[in-house]
Amino acid sequence: MELTINAAGDEQALTEFYSWLRDDVDVARSATINLAGSPNSGAFEVICMSIGSLTGLANLGIAWGGFLRTREETPPFTITVEGELTAEQRAMLRNLDLPFS
């Protein structure tokens, strides 16, 4: 499953969440995580993730909850899922408290 996490212009929150994900052993073990930016501005615009299992998706949900507990306000993130999803993946996404679009 390929995911793109956009922060609606809040680059600081995006880089903080990226660091949070990279530091989470369970997420790092179950997903490939990269930052992608604009070649013109040099700013990071999105986090790109590749998750290969439902466990990896659950780990993302747990990391998101932990990250939110460290913030006063919820960052303006939108998570987009690329491609077709299995029934199990759709069910998991419905149960996670992630800002999916």
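This is a predicted model: local features need pLDDT of at least 70, side-chain atom pairs count only at pLDDT 80 or more; totals for chains, interfaces and linings use all residues.

User: How many aromatic pairs does the whole structure hold?
Analyst: The search finds 7. Rings of Phe, Tyr and Trp (its six-membered ring) pair if their centres lie within 6.5 Å; planes under 30 degrees apart are stacked, over 60 edge-to-face, the rest tilted.

User: Why is the pair of Phe17 and Trp64 called edge-to-face?
Analyst: The centres are 5.4 Å apart and the planes stand at 80 degrees, so the pair is edge-to-face. Phe17 sits in helix H1 and Trp64 in helix H3, 47 residues apart. Helices (H or I, at least four residues) and strands (E, at least two) are DSSP runs, numbered from the N terminus.

User: Why does Phe17 count as buried?
Analyst: Buried means under 20% relative accessible area (1.4 Å probe, protein chains only); over 50% is exposed, in between partly exposed. Phe17 has 1% relative accessibility, so Phe17 counts as buried. Trp64, at 4%, is buried too.

User: What makes Phe67 and Phe77 a stacked pair?
Analyst: Their centres lie 6.4 Å apart, with 10 degrees between the planes. Phe67 and Phe77 are both buried.

User: Which residues form the covered face of strand E1?
Analyst: Leu3 and Ile5 do; Glu2, Thr4 and Asn6 form the uncovered one.

Notes
Residues are numbered from 1 along each chain as its sequence is written. Side-chain values use heavy atoms; hydrogens and water are left out.
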